[in-house]
Amino acid sequence: MRWLKAIKYNCLEAQQNGVRNQHEYIGPVKWIKLKYHLVFCKLCKKFLADAKKLDAVIEQHTNDLSHQPSFTLSPEEKDSIKKKLNP
Ligand SMILES: [Zn+2]
């Protein structure tokens, strides 16, 4: 049982490493500790699933905005800004 205590995570550490793991490589030791924690902690498992869904929604919204902005300047407004930048 001593080795189980050695790889024990607290929830804050698990959530921080779990979010990092969704974006970058966290290394094998942290990854194993995270997976072990997630076997027993349903709250962290749910938190990381929600974080993943939230990331997907934000990425989709960002992609939509870059292709179809919700606000664009009229040609007159663009000319006005250009004149102010290059008097
Ligand atoms: Zn936890």
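The following legends describe several views of one predicted protein model.

Figure 1. The predicted chain contains five helices and zero strands, and its elements run α-α-α-α-α from the N terminus on. Along its principal axes, the C-alpha trace spans about 75 × 25 × 20 Å. The radius of gyration is 23 Å, whereas a compact globule of 87 residues would have one near 12 Å. Of the 87 residues, 9% count as buried. Among contacts with a separation of 6 or more, 62% join residues 24 or more positions apart.

**Figure 2. Confidence along the chain.** The average pLDDT of the protein chain is 90, and 91% of the residues score at least 70. Confidence is lowest in helix α1 (residues 2–6), where the mean is 60, and highest in α2, where it is 95. Where pLDDT is low, the predicted coordinates should not be read in detail.

**Figure 3. Helix α2 and its buried side.** Helix α2 comprises residues 11–23, which makes 13 residues. From its first C-alpha to its last it reaches 19 Å, close to the 18 Å expected at 1.5 Å a residue. The buried residues of this helix are A14, N17 and G18. These residues lie on the same side of α2, because they cover an arc of only 110 degrees around the axis. On the other side of α2, L12 and H23 are exposed. The cover over the buried residues of α2 includes α3 (28–40) and α4 (42–67).

Figure 4. Five residues form the largest nonpolar core, namely Y9, A14, L34, C44 and L48. One of them, A14, is also among the buried residues of α2. Leaving aside residues up to four places away in sequence, Y9 touches A14, K33, L34 and H37. In soluble globular proteins, nonpolar side chains tend to be buried together.

**Figure 5. Helix α4 and its cover.** Helix α4 has 26 residues and reaches 38 Å from its first C-alpha to its last. This span is close to the 38 Å expected at 1.5 Å a residue. The helix is hardly covered, as the count of buried residues among its 26 residues is two. Even so, α4 is part of what covers the buried residues of α2.

**Figure 6. Residue I58 on helix α4.** I58 lies in helix α4. Is this residue, I58, buried or exposed? I58 is exposed, because 10 other C-beta atoms lie within 10 Å, and a residue counts as exposed if that number is 12 or fewer. I58 and S80 are 22 residues apart in sequence, and their C-alpha atoms are 33 Å apart in space.

Key. Residues are numbered from 1 along each chain as its sequence is written. This is a predicted model: local features need pLDDT of at least 70, side-chain atom pairs count only at pLDDT 80 or more; totals for chains, interfaces and linings use all residues. Helices (H or I, at least four residues) and strands (E, at least two) are DSSP runs, numbered from the N terminus. The expected span of a helix is 1.5 Å times one less than its number of residues. A residue is buried if 20 or more other C-beta atoms lie within 10 Å of its own, exposed if 12 or fewer, and partly exposed in between; C-beta atoms are placed from the backbone. The arc is that of the directions from the helix axis to the C-beta atoms. Two residues are in contact if their C-beta atoms, placed from the backbone, lie within 7 Å. A nonpolar core is a set of buried Ala, Val, Leu, Ile, Met, Phe, Trp, Tyr and Cys residues joined through C-beta atoms within 7 Å. The radius of gyration is taken over C-alpha atoms; the globule rule is 2.2 Å times the number of residues to the power 0.38. pLDDT is the predictor's confidence in each residue, from 0 to 100.
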